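Hi everyone, thanks for coming.

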Amino acid sequence: MRQLPLYLLPVLLLMQQSVELRAQSDTVNRWSALLDRFVREDKPADKPRLLFYPTFAFAPETSLELGVASALLFHAKNDVEKNRLSEVTAFAFFTFRSQYGLWLDNAIYTDRDRWLLLGRARFQRFPLLYFGIGPDTPKDDPDIVDGFGVLVRQRVFRQIKGNFFAGPQIDYQSLADVQFGEEGVSQRPLPPGAEGSRSVGIGLGVAYDSRPNALNTRNGLFAELGWLRYDPAIAGTTDFENFNADVRWYKSFRPQQVLAAQFIGNIVLGTAPFNQMSLLGSETMMRGYYTGRFRDQQYYAAQVEYRWLPLPFSRRFGATAFLSAGGVTPSLEALSMSDLRLAGGIGARFFLFRKKDIFLRFDLAFTREGSGFYIFTGEAF
C-alpha cells in the first residue's frame with residue numbers, strides 16, 4: 001500500500017478541523033434556531049401566548065428536583081388597549097426521593113376590569129422543615145415533616161370604581177399522612193396540627209390595583225387587605241382568624257430602570273396549625289430564607305428592589321439588586337429589633353417576549369444563615 005506523502009498531512013489536518021468546526025457551528029445554529037423559535041414574537045401583542053420551560057433544583061431534603069412550568073398570558077377579548085394582561089401559571093415537579101407536586105396560580109382580569117380573580121393552588125407531597133415556633137429558633141437539626149398538603153385559595157373581586165376592587169375569598173388547606181422527624185420521632189414539642197389538619201376559611205378582601213402588567217410592573221400601586229375566618233362550624237377542624245396586608249409600589253425613574261418596594265403583614269388570632277401560622281421566608285419575600293424558617297402568630301416584612309429592564313447594552317438581558325428585612329413575633333408589642341432578619345441579593349433577567357414585557361428571573365439571595373437560588377417567570381413582586 002502506498003504511503004501518504006508527508007506534505008499532504010497538514011492539508012488533511014486542516015480539512016478535519018474544518019469539518020469539526022462546521023459540525024460545531026451546525027450544533028450552535030440548531031440550538032440558536034430552537035431558542036429563536038421559542039422566544040420569537042411573530043404573534044401580535046394582543047394574541048394569547050402559552051409558554052413551557054423545564055426547571056431543576058437541588059436540596060439536601062429532596063435530592064435532585066426536576067419539573068416543567070407553563071404560563072398562559074392573555075388579554076380579555078384580546079384587547080390590549082382596554083384590558084390588562086392576565087396570567088395562569090402551572091408548575092409540576094418530582095424529586096429523586098419520590099416527592100412530587102403541582103402548583104397553579106392565576107391573576108385574571110375580565111373585560112374592562114369588571115372582575116379580578118386572584119388565586120393559587122398547591123397539591124404536593126413535599127418535606128417541610130420545622131425549626132420550632134418563635135423568632136429565636138435555632139437553625140441546626142430541624143425536623144423533616146413529611147405529609148400530603150393541599151392548599152386552594154381564591155379571591156373573587158368585583159370592580160367598585162376605577163382601580164378599587166372588593167369581594168369574597170375562600171381558603172382551603174389540609175395536611176394529611178403527617179410524620180414528624182425520622183421514623184416519626186420529633187426533636188421538639190409537637191405543635192398544633194402535628195397529627196394533620198383541615199381548615200376552611202371564608203372572608204372578605206379589598207384591593208387597589210393600578211398595575212397594567214402583574215408579571216412585570218414598571219409604574220403603579222397594588223394594595224390588598226384581607227380577612228379570613230376559620231370555624232369548625234363551617235367546615236374543617238380548626239378555629240382561628242387571619243388578617244393580611246400586602247402593599248406594592250413601583251416607579252420608573254430612568255429609561256428601563258424601576259424602583260419597587262413592598263410591605264406585607266400577617267396576623268393570626270387563635271390557635272392555627274403550624275403550617276398556617278405566620279411564616280418568614282419564600283421565593284418572593286425574604287428570599288434566601290427557607291419558607292417557615294421562622295414562624296409565629298405575626299409576621300412583618302418589607303423589601304426594596306432596583307431593576308434594569310433590560311440592561312443598556314442588551315435587548316434581552318436585565319438585572320436586579322434587592323434587600324429585605326422582616327421578623328416574626330407572638331404579638332406586635334413583643335417585636336424587637338433583635339428579632340429582625342436581613343436578606344439581600346442580585347438577579348438576572350432574560351426577556352422571553354418583549355412585546356408583553358415577560359421574562360424569566362434568576363435570583364441569588366444571601367442571608368447570615370446561607371443562600372438560596374430561584375428560577376421563576378415574572379418578578380418576585
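First, a term: a salt bridge here is a side-chain nitrogen of Lys or Arg within 4 Å of a carboxyl oxygen of Asp or Glu. Please keep in mind that this is a predicted model, where local features need pLDDT of at least 70 and side-chain atom pairs count only at pLDDT 80 or more, while totals for chains, interfaces and linings use all residues. Residues are numbered from 1 along each chain as its sequence is written, and side-chain values use heavy atoms, with hydrogens and water left out.

Now to our first pair. Arg 349 and Glu 305 form a salt bridge through their side chains, at 3.9 Å from N to O. Arg 349 sits in strand E17 (residues 341–353) and Glu 305 in strand E15 (residues 298–308), so this pair ties together parts 44 residues apart in sequence. Strands, by the way, are DSSP runs labelled E, of at least two residues, while helices are H or I runs of at least four, and both are numbered from the N terminus.

Are these two residues buried or exposed? Buried means under 20% relative accessible area, exposed means over 50%, and partly exposed is in between, using a 1.4 Å probe and protein chains only. Arg 349 is buried at 0%, and Glu 305 is buried at 1%.

Next, Glu 379 and Arg 307 meet in a salt bridge of 3.6 Å, N to O. They link distant parts of the chain, 72 residues apart: Glu 379 is in the segment after strand E19 (370–377), and Arg 307 is in strand E15. Glu 379 is buried, with 9% relative accessible area, and Arg 307 is buried too, at 0%.

How many salt bridges does the rule give? The count is 23. One more for you: Asp 209 and Arg 84 pair up at 3.7 Å, N to O. Asp 209 lies in strand E9 (residues 197–209) and Arg 84 in the loop between E2 and strand E3 (85–95), so parts 125 residues apart in sequence are tied together. Asp 209 is buried at 0% relative accessible area, and Arg 84 is buried at 8%.

Finally, the surface. Leu 50 is found in strand E1.
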